[in-house]
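Trainee: I'd like to learn how to read a structure like this one. Can we go through it feature by feature?

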Amino acid sequence: MRAWLFAGQGAQRVGMGQELFDRFPEYVAAADRVLGESVRDLCLDDPDGRLNRTRWTQPALYVVNALACAQALAEGPAPDVLAGHSLGEYNALLAAGCFDFETGLRIVCRRGELMGEADGGAMLAVVGLSPEAVRALLDRSGAADVDLANLNTATQVVVSGPAESVKSLRAAVRATPGARCVPLATSGAFHSRHMRPAQERFAAFLDTVGFRPPRIPVIANVTGRPYPAYGVADLLARQIAAPVRWHETLRELIRRGVTEADEFGPRPMLRQMWESVRAEADTVPQPQPQPQPQREQPALVPVAARREAPVVAPGPETVRDLAAARLGSAEFRQDHGVRYAYLAGSMFRGVSSVELVARLGRAGLRGYFGAGGLDLDTVDKALAELARTPGLDGRYGVNLLHDLTRPGAEDTLTDLLMRHGVRHVEAAAFTTVTPALVRFRFAGAHRTPDGTPVAVRTLIAKCSRPEVAAHFMAPPAEELLRRLVARGALTAAEADAARGLPVAQDICVEGDSAGHTDGGVSLALVPTTAALAARLTARHGYVRRLRVGACGGLGTPEAVAAAFVLGADFVVTGSVNQCSPQAGTSDAVKDLLAALDVQDTAYAPAGDLFELGSRVQVVRKGTLFAARANKLYQLYRGHGGLDDLDEATRTWLERDCLRAPLDQVWKQTCAHYRDTGRGHEIERAERDPRHRMALLFKSYFARTNRAAQDGDPAERANYQVHCGPAAGAFNRCVAGTALESWRERHVERIAELLMTGAARVLDERLTAFTEPGPHPSTHP
């Protein structure tokens, strides 16, 4: 496979393009119109010394790269994949047919203007240190306002920040053995947080531009992965303030089987980086290059009037993605606005973080923010951040976790979700339908002119019992609707529409996951629940059928394929996403998860439903939490209060579990419940010694959860990490590949691996079953 790489700012030189201008007069004329002057004179003569000023550098370099690309297309075949460094990415997208030459030039001119207005910043190339070493150097130097801007190779990094901070950093680099640095000729802190004002203005400009899906894969600077079919504008806007992940880009090319790379640019800038990463071949899995289909030769589109992009036959990656996009329910994909019938479920206390759900949303997928266990202020800030994150288009949801001890909190959180305009909720741990769920689901519901009921919000109900699922598959109870209308929570029209709709159109069956599953098994639950959905769809006369998804144990493409064969309309992953760079937990936990095998989890009591004996799966390897939590539940079941415990047990509690005297822990527990508005629990505990014991034991669950998220090394033996065997299965699946390290397991890459792999597995199995073979009677 062959890649084309386009150089960015820094490759310019006086005299560039001399051999190209006469060959492509149509492009030159278009460039002169956009620039309002001669691009030839700017590049060949540079009479005013503007060629090294960002505002002029960027359009001039874009034009020269585009002409060189046009020449290459006229003389030989198109590449299999494209990439460009910073500004060069615009030439890669041009070659992929995302926009025409003139449109691209207008975009680059605006980019150059905005970036050229940035001053007071500086950039410094650091050679001989890894990104991790540079980050450590920034920390030691106190350069908190300096960012890593270009991650070019394993030992070449560019930092960016205020000029004075970067200048002071130079001395620290020079004092580091084996390191050297080179100041770059820039006036701005490009690809750093200091460019965010420019990013916002550029994003507003890009909203006025129409983009076509790439016809050839283009690896994005921001993600190190191919551009999605839709989302070009978002990634281009983010690129201004985000680091250029060039090292990841080159590794991705190698992972895809690229063996040859051609560089486009007036100076050689990228070839040495490419060769450096190729030398890492022993650490980067090398797939065998696959035969590429014959492609129609694309032609560079010179002017805005020529709108039709070249038609290019899809490569194997595109074919697999298209097959993955057909798995499950098409109606589900349409209703939820996602490219796969795939969701990333929530994880407690923000482990499903803002970053995680935002990254999925920008990739055309959806994740659910883990609001469970967080205070309202934290959730409020998270929702505000998601609402202002560009490129999401509402592709994010929030978890609504039922708490039997705090029914009022559920109503308050629902108010917050509706105030922020959240339209997608994942309901977990509910055993019945509550008013808050009905209010969220049917606010804004209406009937179309022909009388069809329509809801504008989606609700995913996670269930592990068919009788619970049946509650969500039915319309809301009439009495409940009347109460909501009476208190003004729903209008009469909304309630009328609700009578013709299920509380949840989508039911997610939980089996063998880290959640409240009651030990359910997907092989039995999914087909049983799917059959129930079919019966209730007919019974209630729904216009659209109820849909059933699968959750739990989905750590390999084979498992995802099996879920679809069982009748799932969609799949929901959980444990595998906890071991990703975007997950809101500690590196210590991610290191632990990345070392798991399928047998390394165990069942333990659920802290939120401790008294009921509900159980969840947790990590067993490397932590004593499961054993200690189960012993706490046995003590609760077998004793009437703390006074019934013998001295040895009390000593064990204080030394190994609670890490403090019982009286001290009880004072802290009382303060916590009163601070969170649940003083009635303390009052009850004063009357009921057994309830007091339960509250004190539950403090262990709260502390061990925080310790794991914080990565507290002193509490490692007590880490509480909710996780199912899918994590171990995924570790085995990616062993020896680019995703073996959790730092490479970006959540959208996990989704793509599982879904495209499932499509491949199903195709292979179907082919094996349908191929003609010997008659069964001939088998030995």
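Predicted model: local features only at pLDDT ≥ 70, side-chain atom pairs only at ≥ 80, totals over all residues.

Trainee: Which residues touch the most other members of the largest nonpolar core?

Mentor: A nonpolar core is a set of buried Ala, Val, Leu, Ile, Met, Phe, Trp, Tyr and Cys residues joined through side-chain atoms within 4.5 Å. Buried means under 20% relative accessible area, exposed over 50%, and partly exposed in between (1.4 Å probe, protein chains only). The largest core here has 91 residues, and L5, Y62, L82, Y90, F99, F101 and L253 touch the most other members. Helix 3 (residues 54–75) gives the largest share, 13 residues. There's also a second, separate core of 87 residues, with L327, A382, L501 and L525 among its members.

Trainee: How are the helices and strands defined?

Mentor: They're DSSP runs, numbered from the N terminus: helices are H or I with at least four residues, strands E with at least two. Take helix 19 (residues 478–486), whose buried residues are L480, L481 and L484. Seen down the helix axis, they fall within an arc of 100°, so they line one face of helix 19. That arc is the one made by the directions from the helix axis to the C-beta atoms. Their cover includes helix 17 (435–442) and helix 20 (492–498).

Trainee: And strands? Which strands does strand 5 run antiparallel to?

Mentor: Two strands pair if DSSP finds at least two bridges between them. Strand 5 is joined to strand 3 (residues 121–127) by seven bridges, running antiparallel, and V127 stands opposite Q156. Five bridges join strand 5 to strand 4 (residues 147–153), again antiparallel, with L151 opposite V157. A hairpin of two residues links strand 4 to strand 5.

Trainee: Why is strand 5 largely enclosed by the rest of the structure?

Mentor: Because five of the seven residues of strand 5 (residues 156–162) are buried.

Definitions and conventions: Residues numbered from 1 in each chain as written. Heavy atoms only, no water. Contact = heavy atoms within 4.5 Å.
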